[in-house]
Amino acid sequence: MPLPLILFKPNTPRVVIGGMSGTSIDGIDLALTRIEGQGEDLRVASIDHVAIELGELQARLRSATTSALSAEQWTQLAHDLGQLHADGIQSAWPEITPDLVALHGQTLHHAPPRSLQLIDGWPIAHELRCPVVSNLRAADLAAGGQGAPITPRADQILYQNHLSPGPMAIMNLGGFINITLLNPDPLDPPTGFDCCPCNHLLDAAAKRILNAPFDRDGKYASAGSHHERIAQDLSVNISKIRNEGRSGGSGDEGLTLLEHAFSEMAELSGEDQLATIAEAIARSATRELQSSDVHMICLAGGGVRNAAVHSRIQAHSDCPVVSSDDLGIPIEAREAAAMAVLGLMAADGVDITNRESTGRSHTVQRSGEWIIP
């Protein structure tokens with residue numbers, strides 16, 4: 001195992017801030033964590049969380065996923081996103097000097113072995129006077145992995161107090177759905193996989209049907225009834241990434257499949273169309289778990305707020321379905337807190353991914369790109 005990159009006082013809790021902006025490009029989540037322990041033996045003692053709006057950066061980031069930008073525009077975009085993180089951290093926790101900031105950055109392209117999580121960490125390092133790590137997926141990609149899902153080892157630490165009496169599934173309802181399977185035996189490594197698009201479909205449907213960025217709380221989808229055949233067909237079609245055993249990335253958002261579904265749903269009400277899409281997502285998300293022995297499914301991510309998706313996941317599950325909020329990890333904070341855990345593991349010289357989840361074939365010595373002012 002490599003030596004720790006940053007030397008901390010032994011047996012001293014560390015304050016680590018994690019930052020996450022998902023593929024939906026709808027905001028930044030920041031988590032302030034207090035973490036005890038070292039290496040693989042970490043314990044998250046507390047979490048605070050804030051959400052930051054992207055403002056005018058949202059349109060620029062979304063445009064950057066498909067448009068050609070000049071070098072000046074690229075560097076300006078990366079700097080502005082880093083500055084927004086710095087401003088958000090200082091506004092939320094003005095009295096805190098963190099030991100480390102771990103940033104996911106904004107995914108603008110993901111097609112392994114190529115992937116881009118845009119962020120300039122220097123504004124944060126300069127203003128907060130602390131180490132910053134980003135680009136945490138790159139080492140796994142270089143080692144032949146998918147670079148995703150990246151959170152299973154962090155999930156093991158975040159949810160370790162809830163793993164009795166049996167295995168648990170952490171299901172993240174983000175732009176894509178990814179699942180982590182956790183086992184009570186710490187020697188049995190966690191595994192993870194991507195299932196299907198989620199908020200990419202829900203938000204595109206809300207924009208088309210409701211002329212709104214999303215169906216708040218799944219209000220309209222909950223008022224409708226799903227079309228059985230169309231929901232089943234869409235569920236099978238959007239499960240492509242799981243069937244192919246790879247991570248969800250650019251081009252997997254399912255928007256072409258959604259257009260085909262809309263052509264079949266022309267006679268349905270808007271509520272029924274939204275209910276059908278929610279049903280398809282729930283079926284795809286639970287298909288892999290129906291024959292498993294998980295004793296609990298824990299939902300995290302912004303899609304948890306969609307009551308229609310939540311209720312249909314429960315309907316297709318043979319075990320209790322709870323919110324991450326119920327287990328003390330705020331649903332919006334889970335991925336940002338995971339970044340904090342992964343950043344600290346990397347600083348301590350511990351692998352942050354495993355072959356069971358990402359498929360990498362080589363050893364990873366240390367993950368991340370580091371700024372140590």
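## Basis

The model is predicted: local features need pLDDT of at least 70, side-chain atom pairs count only at pLDDT 80 or more, and totals for chains, interfaces and linings use all residues. Residues are numbered from 1 along each chain as its sequence is written, and side-chain values use heavy atoms, with hydrogens and water left out.

## Overall build

The chain holds 14 helices and 12 strands; helices (H or I, at least four residues) and strands (E, at least two) are DSSP runs numbered from the N terminus. Its radius of gyration is 20 Å, close to the 21 Å that the globule rule gives for 373 residues, so the chain is as compact as a globular protein of that length. The radius is taken over C-alpha atoms, and the rule is 2.2 Å times the number of residues to the power 0.38. The C-alpha trace spans about 65 × 50 × 40 Å along its principal axes.

Contacts (heavy atoms within 4.5 Å) with a separation of 6 or more come 71% from residues 24 or more positions apart.

## Burial and surface

Of the 373 residues, 53% count as buried. Buried means under 20% relative accessible area, exposed over 50%, and partly exposed in between, with a 1.4 Å probe and protein chains only. The accessible surface of the chain is about 15,800 Å², and 50% of this belongs to carbon and sulfur atoms. Areas come from the Shrake-Rupley method with a 1.4 Å probe; for residues, only the protein chains shown count as cover.

## Helix 12

Helix 12 covers residues 307-315, and its buried residues are A308, V309 and I313. They cover an arc of only 130° around the axis, which puts them on the same side of helix 12. The arc is that of the directions from the helix axis to the C-beta atoms.

These buried residues pack against strand 7 (168-173), helix 6 (199-210), helix 7 (219-222), helix 11 (270-287), strand 10 (296-300) and strand 11 (321-323).

## Two loop residues

S367 sits in the loop between helix 14 (355-358) and strand 12 (369-371). With 4% relative accessibility, S367 counts as buried. Leaving aside residues up to four places away in sequence, S367 touches V133, L136, A139, A346 and I352.

R216 is in the loop between helix 6 and helix 7, and at 56% relative accessibility it counts as exposed. Between R216 and A307 there are 9.2 Å in space, C-alpha to C-alpha, and the two are 91 residues apart in sequence.
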